[in-house]
Structures are given as C-alpha cells and as structure tokens.
Amino acid sequence: MTITALSFTLLFVIVTMLVSAWKKLGLERDIAVGTVRAAVQLLAVGYILQFVFQAEHPLLLVLIIALMIVIASHNAAKRGKGVRGVFWRIALAIAMTEGLLMAVLLGLGIVDATAQYVIPLSGMAIGNAMIVAGLFVNHLNREVESHRAEIETLLSLGATARQAIRIRLKQAVKFSMIPTIDGMKTVGLVQLPGMMTGMIVAGADPVEAVRYQILIVFAFSCSAAVMSMLLSGLIYRLWFTDELNVRLPGGNKG
C-alpha cells in the first residue's frame, strides 16, 4: 500500500468526526487523539519489529514479550481498581499462559522459533489473555459485591475463603470465556479474522491462511481456559482480609 493510498483512509476518520459533530456527541477531540496515537504507535511498532526481525537476538525477543505482558496486565488490572495486588497476579497468570502456549507451539514444531512467528503469535495470545483477565476481574467484583451476604454467611458457617467464593469464581470463569467461545462459533461465517485476512491481502494462499487461523482459534480457546483457571486460583484471596472478612474494592470490609 502506498502512502497516498494510506492517506485516503483518513476519510473514515473525517466521516466519524463529522457524525460526532452532527449528533453533538462531543467525541471529535477523542477521535482525533486516538487517530494520532494509533498511527504513531503502529508506525513505531513497525520500525521496532523490523529491527528485531533483522537482529534475531533472543534478549530483544524476551524484552518485547515482557513489555507486552506488563502493558496488558496494567490494562486488565484497571478492571479491578481498588483490589490491592491484582496487577502482579494478572501479570503472573498472563506470563504462565504465554509460556505454556509458546512451549507447545515451539516444542512440537508447529511454528518456527523465530521473532517473525513468536512476536505476532505472542501479541495475539497476550491480548486475548488481557481481555479474559479484564472480564474475569470485573465480573468477580460484581459477583462478590452482589452476593456479599451469601459469602459472609458461608464464612460464618465455617467455610474457607475458597469454598465461600467458589460459585462466584465459577461464574467469573464462564463470563470471561464468553467472547472466545462466541468467536469460535462465528469465525469464518460472521467475521474473517485479522490474521487470515492480512495473509490473504498480502497474497498468501487462502487455504494456508485458514490453517494459521485455525491454529490461532484453537490456541486462544486453550489460553482463555488456562488464563481464567489460573486467575481463579491466584486472585480470589484478594477479596478477603486476613480475618476472612469480605473486602470490596476501595477497602470496604464486611
């Protein structure tokens, strides 16, 4: 794609801003800022990846993946605002999920152990794990808040923290996996995923593109399940004090 052709895509942004102005939504500034940030960030990432692909240095690869995990964990932790210590547990869960996924893909020789494959696949896997984590924490917050009396009753009857919150954890796990499961059901029918579309546009054989997309879909389903189960074991205790009182975001105790 030429720079001239790319510049024409700004028409989409202009139309969006005009609609916002017409409907008095007040989103023009946010749209403009988002457009500039997206362009700058993507261009910067493009040049960085170009350098990393050419260098093929393992340390650069590890640093980029670590940075992805930190940013993803920070973003997901926002859903658990007020829950102390949630960031590090999310980061650990994402790192473990990413490590497991790469171990299978590289260990079985499904993909080559090069930056060209590892970084894009890691980025998609970490992004998916971030969404799962955000949904999990957000839903668990609501579940604990709305079922606080039930949890406290179970605790008063001698249940452990894990036993008292078990049903709420189950609901959070199910909720966090809904987008992944729905995506599996509609992929290829309602939507043509980005990776497959990008490969086809770039000139790859559609069947080959589909094979890679199937790899992504199956890997995402596994990573979503692993991520949600890891989180359920790592962070549930954050909703309780040392005395086993319910702790809600903001520091409120039962």
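The model is predicted, so local features need pLDDT of at least 70 and side-chain atom pairs count only at pLDDT 80 or more, while totals for chains, interfaces and linings use all residues. Residues are numbered from 1 along each chain as its sequence is written, and side-chain values use heavy atoms, with hydrogens and water left out.

Let's start with Ser-122, which sits in helix 6 (residues 115–146); helices here are DSSP runs of H or I with at least four residues, numbered from the N terminus. Ser-122 has a relative accessible area of 0%, so it is buried (buried is under 20%, exposed over 50%, partly exposed in between, with a 1.4 Å probe and protein chains only). Leaving aside residues up to four places away in sequence, Ser-122 touches Ile-65, Met-68, Glu-98 and Met-102, where a contact means heavy atoms within 4.5 Å. With Glu-98, the Ser-122 side chain makes a side-chain polar contact of 2.6 Å (a pair of N or O atoms within 3.5 Å; within protein, one must be able to donate a hydrogen and the other to accept it, and residues adjacent in sequence count only if both atoms are side-chain atoms).

Helix 6 also packs against helix 3 (residues 28–55), at an angle of about 140° and with the axes 9 Å apart. Axes are lines fitted to C-alpha atoms over the stretch in contact, and angles run from 0 to 180 degrees between N-to-C directions. That angle makes helix 3 oblique to helix 6, since under 35 degrees is roughly parallel, over 145 roughly antiparallel, 65 to 115 roughly perpendicular and the rest oblique. Leu-49, Val-52 and Phe-53 of helix 3 meet Ala-115, Gln-116 and Ile-119 of helix 6.

Now for the salt bridges: the structure holds four, each a side-chain nitrogen of Lys or Arg within 4 Å of a carboxyl oxygen of Asp or Glu. One of them pairs Arg-168 with Glu-143 at 2.6 Å, N to O. Arg-168 is in helix 8 (residues 161–186) and Glu-143 in helix 6, so this pair ties together parts 25 residues apart in sequence. Arg-168 is buried at 7% relative accessibility, and Glu-143 is buried at 11%. Glu-143, Glu-150 and Arg-168 are linked in a salt-bridge network.

Another salt bridge joins Glu-152 and Arg-148 at 3.3 Å, N to O. Both lie in helix 7 (residues 148–156), four residues apart, about one turn of the helix.

Technical notes:
Helix = DSSP H or I, 4+ residues; strand = E, 2+ residues; numbered from the N terminus.
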